[in-house]
Number of protein chains: 2
Amino acid sequence: MARVLTPRAEDFPRWYQDVINKAQLADNGPVRGTMVIRPTGWAVWERMQADMDARIKAAGAQNAYFPLFIPENYLRREAEHVEGFSPELAVVTHAGGKELSEPLVVRPTSETVIGEFMAKWVDSYRDLPLLLNQWANVVRWEMRPRTFLRTTEFLWQEGHTAHATEADARAYARLIHKTVYEDFMVELLAIPVIPGRKTKGERFAGATNTMTVEAMMGDAKALQMGTSHELGQNFATAFDITYSSSAGGVQHCWTTSWGTSTRMVGGLIMVHGDDNGLRLPPRLAPVQAQVMVVKAGEGVIEAAARLRDDLAAAGVRVRLDDRADVPFGRRAVDAELQGVPVRIEVGPRDLAAGNAVVARRIDGTKAPVPLAGVVAEVTAALETDQQRLYDDALAFREAHMVDVPTLGDAIEAAQTGWARVPWSAVGTEGEAEANGKAVTVRCL
Amino acid sequence: MARVLTPRAEDFPRWYQDVINKAQLADNGPVRGTMVIRPTGWAVWERMQADMDARIKAAGAQNAYFPLFIPENYLRREAEHVEGFSPELAVVTHAGGKELSEPLVVRPTSETVIGEFMAKWVDSYRDLPLLLNQWANVVRWEMRPRTFLRTTEFLWQEGHTAHATEADARAYARLIHKTVYEDFMVELLAIPVIPGRKTKGERFAGATNTMTVEAMMGDAKALQMGTSHELGQNFATAFDITYSSSAGGVQHCWTTSWGTSTRMVGGLIMVHGDDNGLRLPPRLAPVQAQVMVVKAGEGVIEAAARLRDDLAAAGVRVRLDDRADVPFGRRAVDAELQGVPVRIEVGPRDLAAGNAVVARRIDGTKAPVPLAGVVAEVTAALETDQQRLYDDALAFREAHMVDVPTLGDAIEAAQTGWARVPWSAVGTEGEAEANGKAVTVRCL
Ligand SMILES: [Zn+2]
Ligand SMILES: [Zn+2]
């Protein structure tokens, strides 16, 4: 069989791009650094979004929508941010057929506008906490774009909340960090993450504390899958978000912000993919089971359709592939590439013996199963393989992470994986030294 | 009681804006013509989106995502469109800290990019039909903005499909027109719509047929709630979307496109709103029932919480309002403004008699109901009032629409409502004459 993908061991970044192209997850857009998310990739993002949105709502936040365009002067308000974003900004100078008197920035985040409106909407302690979230596209000009991981336009959610006290803000940031981000990565994406805090040097501008969930990719490198920030009263002071307390007197609010993006799709590919393509966690997979007609024959299409109906009735997200005029091998390779967790192959020979073949993408097994047992077999496999994917990723991470006593050891170990080292052996100076050698302190 | 809203009869456009502000549906954004959709407004759009998305998927289309930025030369490809859009475009000239060699247009629609990618993705008849949909923000510079109805940035879905034959394309455009648009408006929004065709003069550029769903607002004017276009082979010819047929030989595809937007939220307000605010159809309402603690007292909060739990268990989307420190009258006015279909008011006096008061927003009735009967009463009211809202809107439309024999009569009748007149009495010349008097032929 012809090689479909560059093997990971040969060239991991190339393998990554191959998976995206061959599994039809995304194409490059006409403008450099932008992407077209194809239906197969979009279905994955859509399911991520739905699950995370439910968690955000369970945490009490409400969705809202703020405009794409931001007057340029807004980004001058917070000096620290201009420095951070300026080269990243896309600027609209012409609209309505003429030059604008003030240029408009395409939002790199909505935080400035959200800050302005929070200040308007919060009046008394009764208006707190104000818990907002937005799902939107944002633009940050990207010099070295990589599909899903770093794109000029990307999709994300950004949460912004205002609270009456530091303790409330801290507790809320931690609630999001744990029940929205960490649990989502573990339970839905089957990705083991290390939750923790960023060092002062790696913290978000204006944050008093930045929490991160870090995952190890298949090349033993780290990817930041989401961050939550406690902003103290810094943000509220910059935007004048104040409230009158129950005791009387006006106070600045304590705020938080938190975000995740389409970058998670990239992380998912890099954690679970193998040399045959993507492997989707069953709970996430838009199509959990694909019933395939191997080739036409007596009763084959009817049997396949019946299995499809039985699986759907059992709550499985199932697709019937009855394109008998397309070679079976090609269709099976495509299903592997796209990471469909289970294939149920129905052909004349197996059917004559009362069987279908159940092929599991995650553990790679393939065996005939009596027709009457297919539903039970598939539902059990989906459960088992969700856990197995997590266990595999965890075992990989453990195998590539060492405990070391000194900074020198840590820098050496970081060449092939992660190192866990006491912060007392690193410190701010040690962090600078490590950064000089292209090693970052990801997580405290 | 102080007047909360301008009465509709006094100034309909002013009433519309009052409802949006007072019900906290949206605010004006910092850039003229843009809007901030607040949680109350967003929850309505989110439910519209979820329901319509399910209908789109049931019709077999798949979601995808195309980039925000379009190279300026793309919009020169179809001459007709440049003329249509040019003054409406917002143009990015600077990004990455420097001037771009080619300006980028912020998408006024994604059709040019989607056309390009359809051409790439369609190869043989096996790739057809290709049924795509996108949910996204688009920008069209707006000189006379009005919240939800005409905004510089708005949110919409745009569907684009390619088919092997004219008959397939036509059948699909009609399927969308009927099962996605018309049924959605009637069943979810409780808005009676007149489905029909646009005249040649009102047709979308490039379309061989444009279908529309038109609704009558509370001021007896018409609003176009959605359109579906058959594009013949025009679009496929412009973008070179071809396929090799099963018989051999290369053909241009037949395509369709169809769209609805946040404008529907504006239509909803204008059809169902009254002088006390919005009235939400129960099936759409994010909060169907609000249990309110009238004032604190022996067992009141406990009884209210129990009703909330019982209603939730019965599948009602319910919210508990136990803010006993905010005057009840103000909270009741807010619930009316926001259009919550049913309020269940729990106070010490009613509770002593074993009752709660059930207040229905849509028919305006208010009556005590024994606690044990509240769930049944509320679920029945939600069902009845969904239908009632539709019946009221239909009766209003019938009362403002007359059948007339001649164009002259139609122009006169259009001053206070709609007129139905035989097309043979109008024709293209008559249409021009009517247009000259600010009367449009909405629908054939
Ligand atoms: Zn201040
Ligand atoms: Zn052509």
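A salt bridge is a side-chain nitrogen of Lys or Arg within 4 Å of a carboxyl oxygen of Asp or Glu. By this rule, 58 salt bridges are counted over all chains of the structure, which is a predicted model.

In chain A, one of the salt bridges joins the side chains of A:Asp321 and A:Arg331, with a distance of 3.1 Å from N to O. A:Asp321 belongs to strand S16 (residues 318-321) of chain A and A:Arg331 to helix H10 (residues 328-338) of chain A, so the pair ties together parts that are ten residues apart in sequence. A:Asp321 has a relative accessibility of 3% and counts as buried. A:Arg331, at 1%, also counts as buried, because the limit for a buried residue is under 20% relative accessible area.

A:Asp403 and A:Arg420 form another salt bridge, in which the closest N and O atoms are 2.8 Å apart. Here strand S20 (residues 401-403) of chain A, which holds A:Asp403, is tied to strand S21 (residues 418-420) of chain A, which holds A:Arg420; the two parts are 17 residues apart in sequence. A:Asp403 counts as exposed, at 56% relative accessibility, and A:Arg420 as partly exposed, at 42%.

In chain B, the side chains of B:Lys178 and B:Asp183 meet in a salt bridge of 3.0 Å, N to O. B:Lys178 is partly exposed at 40% relative accessibility, whereas B:Asp183 is buried at 15%. Salt bridges with shared partners also join A:Glu166, A:Arg170, A:Arg174 and A:Glu230 into one network.

Chain A contains an open sheet of seven strands with mixed pairing, in the order S3-S7-S8-S14-S11-S10-S9. A:Ser228 has A:Trp258 in S14(A) as its bridge partner. Helix H6 (residues 166-187) of chain A packs on the sheet and touches strands including S7 (130-139), S8 (153-163) and S10 (209-216) of chain A. The direction of helix H6 makes about 15° with that of S14(A). Helix H8 (residues 263-272) of chain A also packs on the sheet, where it touches S10, S11 and S14 of chain A, and its direction makes about 145° with that of S11(A).

Two zinc ions are included in the model. The zinc ion (ligand 1) is coordinated by A:Asp240 (OD) and A:His252 (NE2), at 2.2 to 2.3 Å. A:Asp240 lies in the loop between helix H7 (234-239) and strand S12 (242-244) of chain A, and A:His252 in strand S13 (residues 250-252) of chain A, so the pair ties together parts that are twelve residues apart in sequence. A:His252 is partly exposed at 27% relative accessibility. For the zinc ion (ligand 2), the coordinating residues are B:Asp240 (OD) and B:His252 (NE2), at 2.1 to 2.3 Å. B:His252 is partly exposed, with a relative accessible area of 28%.

Chain A can be laid on chain B by a turn of 180° and a shift of 0.0 Å along the axis, with an RMSD of 0.0 Å. The two copies are therefore related as by a two-fold rotation axis. The C-alpha of chain A nearest the axis is that of A:Val92, 2.0 Å from it. Both copies use the same surface, as 98% of the contact residues of chain A recur in chain B.

Notes
Residues numbered from 1 in each chain as written. Chains lettered and ligands numbered in written order. Predicted model: local features only at pLDDT ≥ 70, side-chain atom pairs only at ≥ 80, totals over all residues. Heavy atoms only, no water. Donors = N, O, S within 2.8 Å, 3.2 Å for Na, K, Ca; no water. Buried < 20%, exposed > 50% of the residue type's maximum accessible area, 1.4 Å probe, protein only. Helix = DSSP H or I, 4+ residues; strand = E, 2+ residues; numbered from the N terminus. Pairing = 2+ DSSP bridges. Contact = heavy atoms within 4.5 Å. Axes fitted to C-alpha atoms, helices over the stretch in contact; angles between N-to-C directions. Least-squares fit on C-alpha atoms with pLDDT ≥ 70 in both.
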